Amino acid sequence: MSNEKTEGLIIRLADFSESSKVITWFTRDFGKIASLAKGAKRLKSSFEAAIDLLATCRIVFIRKSSGGLDLLTEAQLVNRFRPYPGNLSNLYVGYYIAELLDALTEEYDPHPELFDAACVVLQHLQEHDDYQKSLIIFELTILEEIGQLPQFQYCTGCSQELGELESYLYDANNGGLYCQHCEQQRHGKVRVSRGTITILQKLTVENTLLSQRLNLSLQQQREIRQLLSTTMSHILGRRPKMAPYLQL
Ligand SMILES: [Zn+2]
């Protein structure tokens, strides 16, 4: 057993006993961890103020050597998640982010850049009355970090140039788009216009600051939402629970 220190986001909370909780964290240095917080439900517990879904905390925990739950010994609140006032969508998007981090990452598999990306999008949800572009950037980041980012540059059938089509067929099973030739032998429900693909290419290669300046039309937002929703459902083997709340 060893004492570990890191910063973490609360992505799931469950009661363990009358007085204790199991807290699942997405931490900066260790990836996902599940920790037992003894006495967390008591009013005067040392964790009381910190424990809230999507709160960011500095934590100390004792790592268990063989399976089982880690033991949380300290949790100091850094930021409590408070979505933009009056905007319920931003709250649901927060839940969706917690769901993705929980479902798509493994315990003790650190992704510090993904941790930072999650903090950026949660900050945006607190300060702004919109979420689409920030959420898209986060989703592309998590897909890239887990090695599941769709291929937007080349045909996923023949690896050749996509060619200039008005729109492209997207196939979540193969994680990409098809050229005109390959498209004829394939099936897929999602069609994405060329302008939207150009934006996705930019968002996946350029840095976040440049991406922030891109403007997305409602049509482009809808196409990207459909593409990402199909992709997440394919990877998870089910539709994300919060997906119905993200429809445009
Ligand atoms: Zn092809």
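Trainee: Is aspartate 116 buried, partly exposed or exposed?
Mentor: Aspartate 116 lies in helix 2, where helices (H or I, at least four residues) and strands (E, at least two) are DSSP runs numbered from the N terminus. The classes rest on relative accessible area, found with a 1.4 Å probe on protein chains only, and buried means under 20%, exposed over 50%, and partly exposed in between. Because its relative accessible area is 31%, aspartate 116 is partly exposed.

Trainee: How far apart in space are aspartate 116 and phenylalanine 138, C-alpha to C-alpha?
Mentor: This is a predicted model, in which local features need pLDDT of at least 70, side-chain atom pairs count only at pLDDT 80 or more, and totals for chains, interfaces and linings use all residues. Residues are numbered from 1 along each chain as its sequence is written, while side-chain values use heavy atoms, with hydrogens and water left out. In that numbering aspartate 116 and phenylalanine 138 are 22 residues apart in sequence, and their C-alpha separation in space is 9.8 Å.

Trainee: Which residues touch the most other members of the largest nonpolar core?
Mentor: A nonpolar core is a set of buried Ala, Val, Leu, Ile, Met, Phe, Trp, Tyr and Cys residues joined through side-chain atoms within 4.5 Å. The largest one has 54 residues, and at least three of its residues come from each of domain 1 (2–142) and domain 2 (150–246), with the domain bounds taken from an automatic or database domain assignment. The members that touch the most others are Ile97, Leu101, Phe138 and Ile142.

Trainee: Which residues does leucine 101 touch?
Mentor: Contact means heavy atoms within 4.5 Å, and residues up to four places away in sequence are not counted here. On that basis, the residues touched by leucine 101 are Leu9, Ile11, Phe26, Lys32, Leu114, Ala118, Phe138 and Ile142.

Trainee: How many residues of domain 2 are in contact with domain 1?
Mentor: The protein chain is divided into domain 1 (2–142) and domain 2 (150–246), and 29 Å separate their centres, taken over C-alpha atoms. On the side of domain 1, 17 residues take part in the contact, and on the side of domain 2 the number is 23.

Trainee: Which residues does leucine 236 contact, leaving aside its neighbours within four places in sequence?
Mentor: Leucine 236 is found in helix 7 (residues 218–236) and counts as buried because its relative accessibility is 19%. With the neighbours within four places left aside, the contacts of leucine 236 are Ala103 and Leu104.

Trainee: Which residues is cysteine 179 in contact with, leaving aside its neighbours within four places in sequence?
Mentor: Cysteine 179 sits in the loop between strand 8 (176–177) and helix 4 (180–183), and its relative accessible area of 9% is why cysteine 179 is classed as buried. Its C-alpha atom lies 8.1 Å from that of tyrosine 154, which is 25 residues away in sequence. The contacts of cysteine 179, with those neighbours left aside, are Cys155, Cys158, Glu161, Leu162 and Leu165.

Trainee: Which residues does glutamine 153 touch?
Mentor: Glutamine 153 lies in strand 6 (residues 151–155) and is partly exposed, because its relative accessible area is 33%. Not counting residues up to four places away in sequence, glutamine 153 touches Leu162, Gln201, Thr204 and Val205.

Trainee: What is the phi of serine 159?
Mentor: Serine 159 is placed in the loop between strand 6 and strand 7 (167–171), and its relative accessible area of 56% is why serine 159 counts as exposed. Serine 159 is a residue other than glycine, yet its phi is positive, near 65°.

Trainee: What is the phi of tyrosine 108?
Mentor: Tyrosine 108 is in the loop between helix 1 (88–104) and helix 2 (112–127), and because its relative accessibility is 25%, tyrosine 108 counts as partly exposed. Although tyrosine 108 is not a glycine, its phi is positive, at about 55°.
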